[in-house]
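Hi there,

Here is the structure I promised to pass on to you.

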Amino acid sequence: MLKMSSLASRTIWGFEVMFLKSTIRKCSSFVRPNELPNLPGTMSAWQLYGYKGLESLKLVSTVEVPPITQPNEVLVKVKAASINSLDVMMSEGYGQQLFENYSYLKPSRISQITKTHLPLTLGRDFAGVVQAVGGAVKNLQLGDEVMGIIPPPQAGSHAEYLVTSASNMKQKPGNLTMEEAASLPYAGLTAWSALSITAELCIGSKGKKVLVMGAAGGVGSIAIQLLKNWGAIIVASGSSEVIPFLIELGSDFVIDYTSPEAESELYQFGGFDVILDCTGRTHNFNYSFLKPWSNAKYVTLSPPTLRNFDEHGMIGGMMKNGLDLLAANSSAIIEGKTLRWAYFVPSSSALTELVDLARNKKLQTAVDSVFPYEQLPEAYAKMKAGHKRGKIIVTM
C-alpha cells in the first residue's frame with residue numbers, strides 16, 4: 001500500500017509540475033522577458049472624443065502605452081504615419097454603427113476598445129521601430145525598423161506607440177525613409193485588393209485594358225504601378241496639372257478629365273476590361289466605357305456599405321446594401337457588365353509583395369506633403385480638401 005501511495009503521489013506531483021511548466025510557458029510567451037525595454041507608462045495620442053470632425057480631435061499626453069496581450073503582437077514606437085480618407089470620414093461618424101457593434105462579432109482586444117469606443121485613436125498605417133515582441137514572434141526583434149497597417153477599428157497609429165499583430169507589419173526596406181514607408185501599406189493593400197480580388201486581375205492582367213480614375217491619389221498612384229508590374233494597359237485620368245506625375249508612374253495613356261474631349265477620348269479605347277474608380281464618387285457610374293459581354297467590371301472604392309449601417313442600423317443596413325448592389329447592377333448586367341465594391345484587405349502576403357516591389361524599386365512611393373505630429377488637424381484638413389498627389393504624412 002505504501003508503494004502504491006508513493007507511486008500515486010509521484011504521479012500527481014508530476015502532473016502538477018507539468019501543469020506549472022505549461023502555465024509558465026503560456027505566460028512568458030506574451031513578451032520575451034529579456035527584451036522588454038524601459039518604456040514610459042503613458043504616451044501622447046491624437047484621440048477622437050466625438051463625431052464633429054476636426055474639432056473632436058484632441059492631443060492627449062496621458063494615454064496608457066498599449067500592452068502586448070497576445071504572443072503574436074509587437075509594440076512599435078511610431079516614427080511616421082499617414083492620413084487616409086477613412087480617418088477623416090471616421091472623425092465625422094462614418095462607420096460608427098459597425099465599429100461600435102464589432103465586439104459582438106469578434107471578442108478580443110478589439111472588443112475591449114469598441115465597448116466604450118470613444119475616445120478612439122485613428123490612423124491606419126505606420127513606420128517605426130520595434131520596442132517589444134510577443135513570445136511567438138520569430139521574424140522581428142528589438143530595434144527593427146518596420147512598416148505596417150492597423151485594421152479598423154483597433155486603436156491606430158496617430159500616437160507615439162502602437163500594438164498590432166506581427167502579420168500586419170514587415171521590415172522596412174533600407175531604400176525607403178520612414179515617411180515613404182508609412183505612405184505605402186494601407187493605400188497599397190486597398191489598391192491590391194481592389195485589383196487582385198474584386199476585379200479578379202490576379203488571374204491574369206497582361207494585355208487587359210484598365211482605366212484608373214482619380215489616379216493621382218494614394219490608392220490610384222499605387223494601382224497604376226501594380227498594373228504596370230502585372231503587364232496591363234493603363235489609362236489614367238486626372239486633372240491637367242497631374243498629367244506628368246501620372247506618366248512618371250507608368251501610365252500608358254493619360255486623359256485630362258477637365259477637357260471637353262475627355263469622354264470622346266475614352267470611347268476611342270474601344271472599351272475597358274476594368275475601371276477602377278478612386279474619385280470618391282458614390283453614384284452616377286458610367287458603365288458605357290466597359291466592354292460589353294466580356295465580364296468587364298466597374299470597381300468603386302466608395303461603396304455605401306458603412307454609410308448604410310450608420311443610417312439604417314445593422315439589420316436594415318445589410319438589407320439596404322443588398323438592394324443597392326442589385327439596383328446598381330440592374331442596368332450593367334444586361335450587357336454582361338458588373339459593378340463591384342472594393343475594400344481594404346489586411347493581407348500579410350500582399351503586404352510582402354508590396355514591400356518587395358518597393359525594395360526592388362519597382363514601386364515608388366508618392367508623398368504629397370509632410371506635417372509635424374503637433375499639426376495633425378491641419379493634415380486632416382488638407383486630406384479633406386482633396387486634389388493631392390500621393391499621401392499626406394505625419395512625422396513624430
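Below is what was found, starting with how to read it.

This is a predicted model, in which local features need pLDDT of at least 70 and side-chain atom pairs count only at pLDDT 80 or more, while totals for chains, interfaces and linings use all residues. Residues are numbered from 1 along each chain as its sequence is written, and side-chain values use heavy atoms, leaving out hydrogens and water.

Let's begin with the sheet. Six strands make an open, parallel sheet in the order S11-S10-S9-S12-S13-S14 (strands are DSSP runs of E with at least two residues, helices are runs of H or I with at least four, and both are numbered from the N terminus; two strands pair if DSSP finds at least two bridges between them). At the edges are S11 (253–256) and S14 (337–341), each pairing on one side only. Strand S10 (residues 233–238) pairs with S11 over four bridges, in the parallel sense.

Is threonine 365 buried or exposed? Threonine 365 counts as buried because its relative accessible area is 17% (buried means under 20%, exposed over 50% and partly exposed in between, with a 1.4 Å probe and protein chains only). You will find threonine 365 in the loop between helix H11 (348–359) and strand S15 (367–372). Isoleucine 315, in helix H10 (residues 305–329), is exposed because its relative accessibility is 58%.

Enjoy exploring!
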